[in-house]
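Hi,

Here is the structure I promised to hand over. Please open it first, then read my notes below.

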Amino acid sequence: MPEKTIRENVKTFALNRVLSYVDSDPETNVPKLLDWLERHDTSHTLESQIAAVRPVLEDRDNNWNRLIRSFWTEIDDGVRRKLLETVFINGSLIGLEREKKLAAEHGCNVPWAILMDPTSACNLHCTGCWAAEYGHRLNMSYETLDDIIRQGRELGVYVYIYSGGEPLVRKNDLIRLCEAHPDCAFLAFTNGTLIDEAFADEMLRVKNFTPAISIEGFEDATDDRRGHGTFEAVMRAMKILRERRLLFGVSCCYTSRNTEVIGSEAYIDALIGWGAKFAWFFTYMPVGKDAVPELMVTPEQREFMYHQLRAFRQTKPLFTLDFWNDGEYPRGCIAGGKHYLHINANGDIEPCAFVHYSDSSVYHKTLLEALKSPLFMAYHDNQPFNGNMLRPCPVLDNPDRIVEMVGRSGAHSTDMIAPEEASEYAAKCRTRAGEWQPVAERLWAQSPNNPANQGCTGSCAACAACVAQGEHTKP
């Protein structure tokens, strides 16, 4: 395991002391935490985040302030402390600085998080899900998963996310990994049906495992896609987690059939009432031979979600992310190791959970070698894939880009049942990409995150280069 530097250890010790001070009177002392972070963020890694959070903490009635306070009133003390230690101290304050240094040294992307599939097995068969194609055949051993985490920690990665398949099919191994790496945070995208009292007690014991439960809306929509009785099982799981004051969130896939429900105020209020503290939103992607392109959202539905989530962020105590419509915040696509990468249950290292192509395997390359491979370097060299940050995706928004990158890198399809050419995958997205473009152009022209709306005239010598890299330097 990598040893923290003396400087990193000093930061960890000092911040743990600060957290103890905050816990003694959170309402008074939480704002003071930002002062400490500002003093110790010498590389200015968290500068923009601190600036955004400060006014929130100064307004007691702000919805984000209410969300933050709920971590002291509704979440177990040990779970909250472990979250702050693993995500904010290790993952952000220490990890980001190490990742930034290694990225500059090696000239490649170094991710903040690693998404990996312990297994392809799943106890459900959801409509339009590619995972069901693989059956129960693929698994990464405990030793392989452990090695990935050990390598990741060397790079400064302290956040690990499980998908699948259904990762809780391997619940015993997942708890072992939590025990083996107590300085890391683990999150799982799960259908929630395998969460019972015994597993919740294990979560409470290790304290560094958080589920993001997949739910498609209310009972009719969830059971329609995931099977009869799934919604009831999810409600039971959430009740068990609430009773133990455990942190959890939800994962919502919005499709042409459920967008109006997923984006409704009634649904957001229900998520908060069920106890969720965060919600990840994904739009349906037509991956694999069993894909249902008709489930892809229309431009009108995608714009609806764009406006709804931004409005709710002003009023609702729920942390939300839309991994396509929020492209303006991370300055484009986050995949390819820019912020995360994906490793499937066969050990293939993929740039994204929705891009099933690879030129690297955990059994033949280290993580750093994979990040310097042709496919990952194609991501590194081409991000962002569009000057409009509301068209971030190299598949859904810029389908020609994925065809080009896969072709030039010599990457292969990782679909074990019916390999799909990148051109076939792109073809399923091309119509929607064309329809979304004028909508995205209109929204981007109005966005405060558009450099043109920040005083940029486009005339300075650095402008073309900075915008191409997703950054902005005012003239």
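**What I found**

E3 and E4 pair in the parallel sense over five bridges. Two strands pair if DSSP finds at least two bridges between them. Helices (H or I, at least four residues) and strands (E, at least two) are DSSP runs, numbered from the N terminus. Within this pairing, Phe-189 stands opposite Ala-212 in E4.

A word on the source. This is a predicted model: local features need pLDDT of at least 70, side-chain atom pairs count only at pLDDT 80 or more, and totals for chains, interfaces and linings use all residues. Residues are numbered from 1 along each chain as its sequence is written, and side-chain values use heavy atoms, with hydrogens and water left out.

**The sheet**

E3 (residues 185-190) also pairs with strand E2 (residues 159-162), again in the parallel sense, over four bridges. There, Tyr-162 has Ala-188 in E3 as its bridge partner.

The open sheet has nine strands with mixed pairing, in the order E7-E6-E5-E4-E3-E2-E1-E8-E9. Strands E7 (319-322) and E9 (349-350) stand at the edges with a single partner strand each, so one side of each has no neighbour in the sheet.

Now look at E4 (residues 209-214). Six of its six residues are buried (under 20% relative accessible area; exposed is over 50%, partly exposed in between; 1.4 Å probe, protein chains only). In a regular strand the side chains alternate between the two faces of the sheet. Phe-209, Pro-211 and Ile-213 lie on one side of E4, with Thr-210, Ala-212 and Ser-214 on the other, and both faces are covered.

**A buried arginine**

Arg-244 sits in the loop between helix H10 (230-243) and strand E5 (249-254). Arg-244 counts as buried because its relative accessibility is 17%. Beyond neighbours within four places in sequence, Arg-244 is in contact (heavy atoms within 4.5 Å) with Asp-76, Glu-197, Ala-200, Asp-201 and Leu-204.

**Two helices**

Which residues of H16 meet H17? They are Pro-399, Asp-400, Ile-402, Val-403 and Val-406. Their partners in H17 are Ala-422, Ser-423, Ala-426, Arg-430 and Ala-433. By class, this contact has seven nonpolar, one polar and two charged residues (Ala, Val, Leu, Ile, Met, Phe, Trp, Tyr, Cys and Pro count as nonpolar, Asp, Glu, Lys and Arg as charged, and the others, Gly among them, as polar).

**Whole chain**

The chain has 18 helices and 11 strands. Of its 475 residues, 58% are buried.

Best wishes
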